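Subject: Structure handover

Hello,

I am passing on the structure we spoke about.

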Amino acid sequence: MPVHSDVAPRTLGVELRPEGVVVTYADGRTTMYRGAPTKVSGSLTTNPGKETHLLVTDPTETEGVMLYVNDLKTHDEILEDTGVGRILLDDGDTEEVFPGVTVRRTGDHRTTIEADPETARGRVFVFVEDDWGEESYEFVPDSELDR
């Protein structure tokens with residue numbers, strides 16, 4: 001059985017399009033997280049059993065870093081080749097993964113992300129998916145939430 005560990009992320013290409021967010025991995029491949037992200041503020045808690053991918057862009061919105069939270073499917077070597085990072089948290093652990101972005105693992109297999117885009121100095125996206133679908137979110141200031 002493979003052993004999984006934390007993997008440091010590298011800078012990736014990012015393209016924000018009306019139809020979704022395109023990420024270009026370090027190995028040249030691309031993926032698109034489809035759809036306009038739902039705007040959230042403060043914190044977001046995922047449902048149990050969901051894969052959680054966190055993307056923080058730089059101020060130009062053309063580069064960013066991606067981090068998988070508690071991913072146990074992807075081998076370390078693949079993450080290292082693609083430039084995607086990984087953080088493994090035990091239940092109850094909390095860690096600031098980027099300035100202004102904190103990830104917490106609760107005892108019920110949920111992940112809570114708290115983010116302040118101003119402190120992060122870029123856009124903060126969370127992609128939550130499983131075999132049945134995917135959802136995307138973007139952290140924004142309270143003033144930008146749809147009312």
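The notes below cover the nonpolar cores and then the salt bridges.

Please keep in mind that this is a predicted model.

Nonpolar cores

The largest nonpolar core has 21 residues, and Leu54 and Val101 are the members that touch the most others in it. Seen by strand, at least two residues of this core come from each of β6 (51–57), β7 (63–69), β9 (94–98), β10 (101–105), β11 (111–115), β12 (124–130) and β13 (133–139).

Leaving aside residues up to four places away in sequence, Val101 is in contact with Leu54, Val56, Ile113, Ala115, Ala120 and Val124, and also with Glu95, Glu96 and Glu114.

As background, nonpolar side chains tend to be buried together in soluble globular proteins.

Salt bridges

The count of salt bridges is 11.

Arg86 and Asp76 form a salt bridge with an N to O distance of 2.1 Å. The two residues sit in distant parts of the chain, 10 residues apart: Arg86 belongs to strand β8 (residues 85–87) and Asp76 to helix α1 (residues 76–82). Arg86 has a relative accessibility of 1% and is therefore buried. Asp76, at 12%, also counts as buried, since the cut-off for buried is under 20% relative accessible area.

Glu61 and Arg123 are joined by a salt bridge at 3.4 Å, N to O. Glu61 is in the loop between β6 and β7, while Arg123 is in the loop between α2 (117–120) and β12, so this pair ties together parts that lie 62 residues apart in sequence. Glu61 is partly exposed, with 30% relative accessibility, and Arg123 is partly exposed at 26%.

Asp27 makes a salt bridge with Arg29, and the closest N and O atoms are 3.0 Å apart. Asp27 has a relative accessibility of 38%, so Asp27 counts as partly exposed. Arg29 is partly exposed too, with a relative accessible area of 46%.

Finally, a network of salt bridges links Glu15, Arg17 and Glu19. In general, side chains of opposite charge can pair when their charged atoms come close.

Regards

Terms used:
Residues numbered from 1 in each chain as written. Predicted model: local features only at pLDDT ≥ 70, side-chain atom pairs only at ≥ 80, totals over all residues. Heavy atoms only, no water. Core = buried A, V, L, I, M, F, W, Y, C linked by side-chain atoms within 4.5 Å. Buried < 20%, exposed > 50% of the residue type's maximum accessible area, 1.4 Å probe, protein only. Helix = DSSP H or I, 4+ residues; strand = E, 2+ residues; numbered from the N terminus. Contact = heavy atoms within 4.5 Å. Salt bridge = Lys/Arg side-chain N within 4 Å of Asp/Glu carboxyl O.
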